[in-house]
Amino acid sequence: MRMWQNLTAVLVLSLVAGVALAAGDIGEVKKQAVNVPAIIMFLAFVGATLGITYWAAQRTKTAKDFYAAGGGITGFQNGLAIAGDYMSAASFLGISGLVFINGYDGLIYSVGWLVGWPIIMFLMAEQLRNLGKYTYADVVSYRFQRVPMRTMAATGSLVVVILYLIGQMVGAGKLIQVLFGLDYTYAVISVGVLIILYVTFGGMLATTWVQIIKACLLLGGATIIAFGALYVATGGSMSPEALFRRATEIHAKKDALMRPGALVTSPLEAISLGLALMFGTAGLPHILMRFFTVPNATEARKSVFYATGFIGYFYILTFLIGFGAIVLLMPADSGFMVTNAKGVLELKGGQNMAAVNLAQAVGGNLLLGFISAVAFATILAVVSGLTLAGASAISHDLYANVFAHGNVNEQQEVRVSKMATLVLGVIAILLGIAFEQQNVAYLVGLTFSVAASANFPILIVSIFWSKMTTKGALLGGWLGLISSTLFVILGPTVWTDVLKLGDPIFPFKNPALFSMTISFLGIWIGSIMDNSENARQEHAAFEAQDVRCQTGIGAEGASSH
Amino acid sequence: MQQDLVHAIKSNPKYHELLSKRKSFAWMLAGIMLVIYYGFILIVAFNKEFLGQPLSAGSITTVGIPIGLGVIISAFVLTGIYVSRANSEFDRLTREIKEEVL
């Protein structure tokens, strides 16, 4: 009973918070007229993905099927799925919107988001594949005390998943409102219901294939918009120089559009942002989970290679899309600029709609419909992946290994996972409604800071440093999680901009430099101070861990000889 | 994993060959990526004007554009270099170790 009361209180509070935020002045999002081609294409996508879910459900029997698609995904498929997880609607719409407003600065973000991948490749991909089973907590609890390590890793996963979910759900609701003329609340609910269906029935297999299809559609759609806009904006010459020239003539920033500007203000801020972007990727549970869906380390490496290629190409496209949008949408007579309540000219639907409006400018209602459907599909796919990662943290880490101490059968574990999916789906809907008026882009940045400070340090140190102990990992991991969250709350983005409490207590927007340092220091100090018998056993166990990590002998699903 | 198997693998010279080759290669590539990326970030932080210069006289495209794209392409190329060596040489060594000890 107590739990239910608490839960109700939380729900009521979050709803109140939503109302309070909704009252804030963020500029109105107008509902659009019902877009018929978009709805037809979207329904086709939903139909196809539900078909896949049905097919996947037939093949999802064991826990390994549910969490890791039976380990049967190829490197190329997984590369597309990873790229799909990464190319969220927030990054597609957010980065192209960022380029539309700030020009060159958008590229700084793209570059940071990409360079995490080589690091994952060199230092983590095969290690993860060789040590883990279903979740990254398998890796960090490999030679350590199971209960506290799993609890911490699952908490880190859930915090990241929930933060990421808020961003995605808010993006989903707004997007659907603008694109389909559907009410925000219904939009968010329909997303929630669909992802619950995908994940509970189809598990990782359905989630992966939904992600692969969406990745192909998104890459195809973005290619058409980017090059279509380049063609139209340059009068057919396709010269980027001509595109940039036209953009600097139109944009109020003029030539400043082509160089780094105000987005990254101080050197410390820039370095800190860079750290969060680069190492945050290596701490995202829904991405790390994908390494367990391939059969071996060879395929794990291939998947990172393909993913890096797709993601890099995608970021180049978003850059072109941003500049194309400046040329084709920003002129006052383009028909895409509207006067807002303050009398200022702004893009129809807000800056995040740059890519979508550009689709209409380049390819009319048909391309607009296609891109709208793809954007919605993107949200569904990313939210499914996140939900599965969150549900796995609950069922595999918390339920099976912490509460039941490993004494559960697979069926029970999978059942708990499905229940957790249902709960997370409902939470996602409620959060989507509660945070309706929040800025999508900064939530993604915040998520990366937490992932880089809480999950990444314990993961990398547990793989490479024989002297880490449970105490060190716990100290560092919790400090990283708490400090990154606190710094964000006390920093300029939340304290000053969201809560409106005046000057920030923590002066930096991007805390990763500080919170990551705290986390690594915590791991180091906690480990060297630890003289317990446990610590000695954990040092000794490193040898066996390292051999498995390096060779894959004994790894989950490794082929026998 | 059984302790005797761990010892058998650890006393295999090919295991040490694999470890030393892969570690130096992986950390070297990681180092190159870090230098490229943080080089870029430090220029953004300390020398915005450098990135803002025109690429050639009279062009609107700045030096920052090819540099930014270059970082993106270098990430892809570096992962490609790693995967091609790891999936041939390192995997072959791993297979030989497995054949010898298992």
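Which side chains meet in a salt bridge at 2.6 Å, N to O? I started there. The side chains are those of B:Arg22 and A:Glu126. I note for the record that this is a predicted model.

**Entry 1: the bridge between chains**

I placed both partners. B:Arg22 sits in helix H2 of chain B and A:Glu126 in helix H7 (residues 125–131) of chain A, so the pair joins two chains. I then checked accessibility. B:Arg22 and A:Glu126 are both buried.

Next I looked up B:Asp91. Its salt-bridge partner is A:Arg301, with the closest N and O atoms 3.2 Å apart. This pair also crosses between chains, running from helix H4 of chain B, which holds B:Asp91, to helix H14 of chain A, which holds A:Arg301. B:Asp91 has 13% relative accessibility and counts as buried. A:Arg301 is buried too, with a relative accessible area of 1%.

I asked what joins these residues. Shared partners link A:Glu126, A:Arg301, B:Arg22 and B:Asp91 into one network of salt bridges.

**Entry 2: the whole interface**

How many residues does each chain give? Chain B gives 54 and chain A gives 53. The buried area between chain B and chain A comes to about 4900 Å². Carbon and sulfur atoms give 75% of that area.

I counted the charged pairs next. There are 3 salt bridges between chain B and chain A. One of the salt bridges I looked up pairs B:Lys10 with A:Glu543, where the closest N and O atoms are 3.4 Å apart.

I listed the elements of chain B on the side that touches chain A. Those giving two or more residues are helix H1 (3–10), helix H2 (13–46), helix H3 (48–52) and helix H4 (64–101). By class, this side of chain B has 35 nonpolar, 13 polar and 6 charged residues.

**Entry 3: a salt bridge within chain A**

I went back to the total. Over all chains the structure holds 18 salt bridges. I picked A:Arg290 and A:Asp85, whose closest N and O atoms are 2.5 Å apart. A:Arg290 lies in the loop between helix H13 (285–288) and helix H14 (297–329) of chain A, and A:Asp85 lies in helix H4 (residues 75–86) of chain A, so the pair ties together parts 205 residues apart in sequence.

Are the two partners buried or exposed? A:Arg290 is buried at a relative accessible area of 1%. A:Asp85 counts as buried at 0% relative accessibility.

**Entry 4: nonpolar cores**

I looked for the largest nonpolar core. It has 212 residues, and the members touching the most others are A:Trp117, A:Met124, A:Phe323 and A:Leu380. Helix H10 (residues 184–233) of chain A gives the largest share of this core, 22 residues. Another core lies apart from it, with 5 residues, among them A:Ala154, A:Leu158, A:Ala393 and A:Leu398.

I then took A:Met124 on its own. Leaving out residues up to four places away in sequence, A:Met124 touches A:Ile119, A:Ala282, A:Leu288, A:Phe456, A:Leu459 and A:Ile460.

**Entry 5: a serine in helix H15**

I looked up A:Ser384. It is in helix H15 (residues 354–403) of chain A. A:Ser384 counts as buried because its relative accessibility is 0%, against a cut-off of under 20%. Beyond residues up to four places away in sequence, A:Ser384 touches A:Ile195, A:Tyr198, A:Val199 and A:Thr207.

**Entry 6: two residues in one loop**

I finished with the loop between helix H19 (492–498) and helix H20 (512–528) of chain A, where A:Ile505 is found. A:Asn510 is in the loop between H19 and H20 as well.

Why does A:Ile505 count as exposed? Its relative accessible area is 54%, and exposed means over 50%. Apart from residues up to four places away in sequence, A:Ile505 touches A:Leu490 and A:Trp495.

A:Asn510 counts as buried, at 16% relative accessibility. With residues up to four places away in sequence left out, A:Asn510 touches A:Glu269, A:Ser272 and A:Leu273.

Definitions and conventions: Residues are numbered from 1 along each chain as its sequence is written. Chains are lettered from A and ligands numbered from 1 in the order in which they are written. This is a predicted model: local features need pLDDT of at least 70, side-chain atom pairs count only at pLDDT 80 or more; totals for chains, interfaces and linings use all residues. Side-chain values use heavy atoms; hydrogens and water are left out. Contact means heavy atoms within 4.5 Å. Buried area is the accessible area (1.4 Å probe) that two parts lose on being put together, summed over both. A salt bridge is a side-chain nitrogen of Lys or Arg within 4 Å of a carboxyl oxygen of Asp or Glu. Helices (H or I, at least four residues) and strands (E, at least two) are DSSP runs, numbered from the N terminus. Ala, Val, Leu, Ile, Met, Phe, Trp, Tyr, Cys and Pro count as nonpolar, Asp, Glu, Lys and Arg as charged, and the others, Gly among them, as polar. A nonpolar core is a set of buried Ala, Val, Leu, Ile, Met, Phe, Trp, Tyr and Cys residues joined through side-chain atoms within 4.5 Å. Buried means under 20% relative accessible area, exposed over 50%, partly exposed in between (1.4 Å probe, protein chains only).
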